[in-house]
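Please read these notes with the model open beside you. Take the points in order.

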Number of protein chains: 2
Amino acid sequence: MDIKVIAFDADDTLWINEPYFRETETEFCQLMESYLPQHTAARELLQIEIRNLSLYGYGIKGFMLSMIETALTVSNNTIDISAVEKIIELGKALLARPVEVLDGVFDVLSALKDNYRLVVATKGDLLDQERKLRNSGILHFFHHVEVMSDKQEGDYRKLLKHLDITPDQFLMIGNSLKSDVLPVLAIGGHAIHIPFHITWEHEHVDVHIDNPNFRQVENILAILPLLYATLP
Amino acid sequence: MDIKVIAFDADDTLWINEPYFRETETEFCQLMESYLPQHTAARELLQIEIRNLSLYGYGIKGFMLSMIETALTVSNNTIDISAVEKIIELGKALLARPVEVLDGVFDVLSALKDNYRLVVATKGDLLDQERKLRNSGILHFFHHVEVMSDKQEGDYRKLLKHLDITPDQFLMIGNSLKSDVLPVLAIGGHAIHIPFHITWEHEHVDVHIDNPNFRQVENILAILPLLYATLP
């Protein structure tokens, strides 16, 4: 391994994200209770979110718009308008939530910063991700922040070109096999998977990965021994 | 002048944008007619948009959410839920609108591409701006696309650091004095202003600029003679 750049996914790799979305979703489903059981409302929302992804992309604003659309759809346009007001409040509260950096992140970034170029590679709303980074207290560790509209092979190729490195010099660390691991391995990069206890259903994949460029660890601190082994 | 990088604003500099927003706004204000005269509804929307900017940032999704919030506010939560459905339709149509590249843009980019590094520096939704660039047929002219959460002095300083150039090597071209010209001049860069016939009220400033690094031209083709004069 001749890693030059280590890229970190942000949501649920550097800080907590998905549990906040799920809390908001639960509150939303409670709003829909007169129309649908909570579980069914959640499925309906997921379908509408996925259908809107190509138009809205990832992030909270698109999530808000999809919740509103779901409320109209499941109620057949009979829901009280105050539900829409409540959804906007839920979304704004989600946008304003304090950032909670995950355990070990600060120590890992401190340990790596002098030996690698560290970058953030994340999906989501540009402004929202910048706000989180600014409020996280870890912005100064990063050479560069790349907010990507998607994380497919082509997006990573663009990122590598932009970083001016070869795939072999690139290590991606993240919680999503689908977004942070599989496309990176496919283009010849390295990837470490750190599972998070909740994954958005749309990010879930069931695969067995047999690739020498791949590792899976329990928590972010466990990447250090792997990387120390490769230091000059 | 020793310009190395020329950055173009996108909306209303490379392609038509603001007139589409204004058309959508007009349709929105017609929806509000039972509650407010159109002009007053537009003012109410502008206030809510500006209030939400720090949370939503620039772009169509934030515009959609602000239209929905305005509908609730001006009707005191009495508006029919179908109005919300209509607003979502208006927003989706705006997101799906074909890109109309402005006259002269193709010729100017062709003429400059071999002598300068050309980049796009734009605000707005990341995915939406990428879609427009992909559909515009001019993506291949650009070395780099930077979607910025804002265009203030600090944002431009970050961009220059990222491009690895000094302010004197940077020329910004755009239709907004507030976003494309004043902050760039303030940090020592060059700027050319190409007024567009409609400017969003929030971007409007009334200033006289007396700076040797500043030029104003009628249309994009008129930047060529200015730049030819500086070619080696």
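1. Ground rules. This is a predicted model, in which local features need pLDDT of at least 70, side-chain atom pairs count only at pLDDT 80 or more, and totals for chains, interfaces and linings use all residues. Residues are numbered from 1 along each chain as its sequence is written, chains are lettered from A and ligands numbered from 1 in the order in which they are written, and side-chain values use heavy atoms, with hydrogens and water left out.

2. Two copies. How is chain A laid on chain B? A turn of 180° and a shift of 0.0 Å along the axis do it, with an RMSD of 0.0 Å. The copies are superposed by least squares on the C-alpha atoms of residues with pLDDT of at least 70 in both. This is the relation of a two-fold axis. Both copies use the same surface: 100% of the contact residues of chain A recur in chain B. Contact means heavy atoms within 4.5 Å.

3. Cores. A nonpolar core is a set of buried Ala, Val, Leu, Ile, Met, Phe, Trp, Tyr and Cys residues joined through side-chain atoms within 4.5 Å. Buried means under 20% relative accessible area, exposed over 50%, and partly exposed in between (1.4 Å probe, protein chains only). The largest core has 86 residues, and A:I6, A:F8, A:L112, A:F142 and A:I223 have the most contacts inside it. Leaving out residues up to four places away in sequence, A:I223 touches A:F8, A:V108, A:L112, A:I173, A:I192, A:I194 and A:V217. Another core, of 27 residues, lies apart; B:V99, B:Y116, B:I173 and B:I192 are among them. In soluble globular proteins, nonpolar side chains tend to be buried together.

4. The sheet of chain A. Helices (H or I, at least four residues) and strands (E, at least two) are DSSP runs, numbered from the N terminus. Two strands pair if DSSP finds at least two bridges between them. Chain A has an open sheet of 6 strands, in the order 3-2-1-4-5-6, with parallel pairing. Which strands stand at the edges? Strand 3 (144-147) and strand 6 (214-216) of chain A do; each has a single partner strand, so one side of each lacks a neighbour in the sheet. Strand 2 (residues 117-122) of chain A pairs with strand 3 of chain A over 4 bridges. There, A:V119 has A:H144 as its bridge partner.

5. Rings. Rings of Phe, Tyr and Trp (its six-membered ring) pair if their centres lie within 6.5 Å; planes under 30 degrees apart count as stacked, over 60 as edge-to-face and the rest as tilted. Over all chains, the count is 8 aromatic pairs. A:F21 and A:F63 form a tilted pair, 4.8 Å centre to centre, with 55° between the planes. A:F21 sits in helix 1 (residues 18-31) of chain A and A:F63 in helix 3 (residues 60-74) of chain A, 42 residues apart. A:F21 is buried at 12% relative accessibility. A:F63 is buried at 2%.

6. Strand 2 of chain B. This strand (residues 117-122) is mostly covered, with 5 of its 6 residues buried. Strand 1 (residues 5-8) of chain B pairs with strand 2 of chain B in the parallel sense over 4 bridges. The bridge partner of B:I6 is B:L118. Strand 2 of chain B also pairs with strand 3 (residues 144-147) of chain B over 4 bridges. B:V120 stands opposite B:V145.
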